[in-house]
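Hi there,

Here is the structure I promised to pass on to you. Have a look at it first, and then read my notes below.

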Amino acid sequence: MKRRIVVALVFILAIGLCAGLVWFNFFRDKMITQFFATMQQPAQAVSAAKIEAKTWTPSISAIGTAKAANGVELAFEIAGIVSEIKFKANQNVRQGEVLVQLDDTVERADIQDVQANVKTAESSFERAKTLSTRGYGTEANLDQASALLAAARSRLARLQATIEQKALKAPFSGVIGIPRIDVGQYLQPGTVIASFQDLSSMKVDFTVPEQRAGEINLGQEVHIGTTEGNLPFKGHVTGKDPRVDPKTRLVSVQALVEDNKNGAILPGQFLHVEVILPEQPNVMTVPQTAVIASLYGDYVYTIDQEEKQGQQVQVVKQVFVKTGRRRGGALEIVSGVNPGQQVVASGQNKLQSGATVKIDNSIDVTKLDASKLASGQ
């Protein structure tokens, strides 16, 4: 009898213990779920920017190639042997300076004979003229003497021109490049001597799409530089082709940089070009980093003040926007937000709509280089 009672008690105790364990596990899971459901997520640090309606300076971006306003490949018109090279590489040369001299010994020797013939012809012409005036000479003799004088002078002028052609002179002031000839070398006409460039002013050739060709006008301001985010040189449009290239559908444009500081731009150099268009007022802009592209469209995170658990906190909200033009580090917002609203400028990768944030603007993303923004740096 006692044994049965003991067994029954043990059985009841075991059942109670199992029921207690089941209830404890259920209670624990419920409390854990409730804890995480009500737990306040820590505020994420982000940088913010205010949407502003400001004056927008639109532009047309292009890629250009530089060339000197005056630049040539120097060459001789006639053949000859190089007797003297009077320049060194990268030397600044003034207009009219002799750069290379060809051997002109024979021509200088012949010129004395030709000059003597000119003097003889002048004397004969004067005698014939005197006789004709006094009535002792005929018009035919005077004409013949005049023709002989003209022929002698023509031979002298031709010989002097040949001597001039054998002295290659600088056609304008500029910088001469590496000499491509040697003393004693026989040169054929057209042989290139060296590159000669005037680096004080530069022309920049670039193209724009045919749809935007109508926005280009003579005299428009142009900003030019070797990198996209740094355009320190200023110029103006000097020409635009009156036709569209049917192969590329582009229009060729040329600009002039009148002050090439210290020869910083070199002929043939690859350049970034911005043609500045008339200003437009009341254009909403945000930093380019504030806009996130997705399969569903572009969106931003706006920042608003809300009350949570009796405290004022900053909460983000995902808002889809329509974007427009880009310039530097700024991006135009056509619709979706209003001026004065704050948006997250960086740190969006750890956010979702409804998250709390704290603003840390120790880095001003509006002043970052556009090339770094594009590469994610």
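**A pair of facing residues, and the sheet around them**

Q101 sits opposite A167, which belongs to β7. Strands themselves are DSSP runs of E with at least two residues, numbered from the N terminus.

Before going on, please note that this is a predicted model, in which local features need pLDDT of at least 70 and side-chain atom pairs count only at pLDDT 80 or more, while totals for chains, interfaces and linings use all residues. Residues are numbered from 1 along each chain as its sequence is written, and side-chain values use heavy atoms, with hydrogens and water left out.

Both β6 and β7 belong to an open sheet of four strands, ordered β7-β6-β4-β9 and paired in the antiparallel sense. At its edges are β7 (167–169) and β9 (186–187), each of which pairs on one side only.

**The partners of β10**

Which strand pairs with β10 over eleven bridges? That is β3 (residues 59–75), antiparallel to β10 (residues 192–209), and V192 in β10 is the bridge partner of A75. β10 also pairs in the antiparallel sense with β8 (residues 174–176), over two bridges, with F196 of β10 as the bridge partner of I176. Its antiparallel pairing with β13 spans eight bridges, and there K203 has L256 of β13 as its bridge partner.

**A buried histidine**

H223 is part of strand β11 (residues 221–225). Is H223 buried or exposed? It is buried, at 16% relative accessible area, where buried means under 20%, exposed over 50% and partly exposed in between (1.4 Å probe, protein chains only). The side chain of H223 makes a polar contact with the side chain of E221 at 2.7 Å. A polar contact is a pair of N or O atoms within 3.5 Å; within protein, one must be able to donate a hydrogen and the other to accept it, and residues adjacent in sequence count only if both atoms are side-chain atoms. Leaving aside neighbours within four places in sequence, H223 is in contact (heavy atoms within 4.5 Å) with residues including F233, H272, E274 and R327.

**Two loop residues with positive phi**

N90 is not a glycine, yet has a positive phi of about 65°. N90 lies in the loop between β4 (80–85) and β5 (92–93) and is exposed, with a relative accessible area of 60%. R249, also a residue other than glycine, has a positive phi near 60°. The loop between β12 (233–240) and β13 (250–257) holds R249, which counts as partly exposed at 46% relative accessibility.

Best wishes

Key. Pairing = 2+ DSSP bridges.
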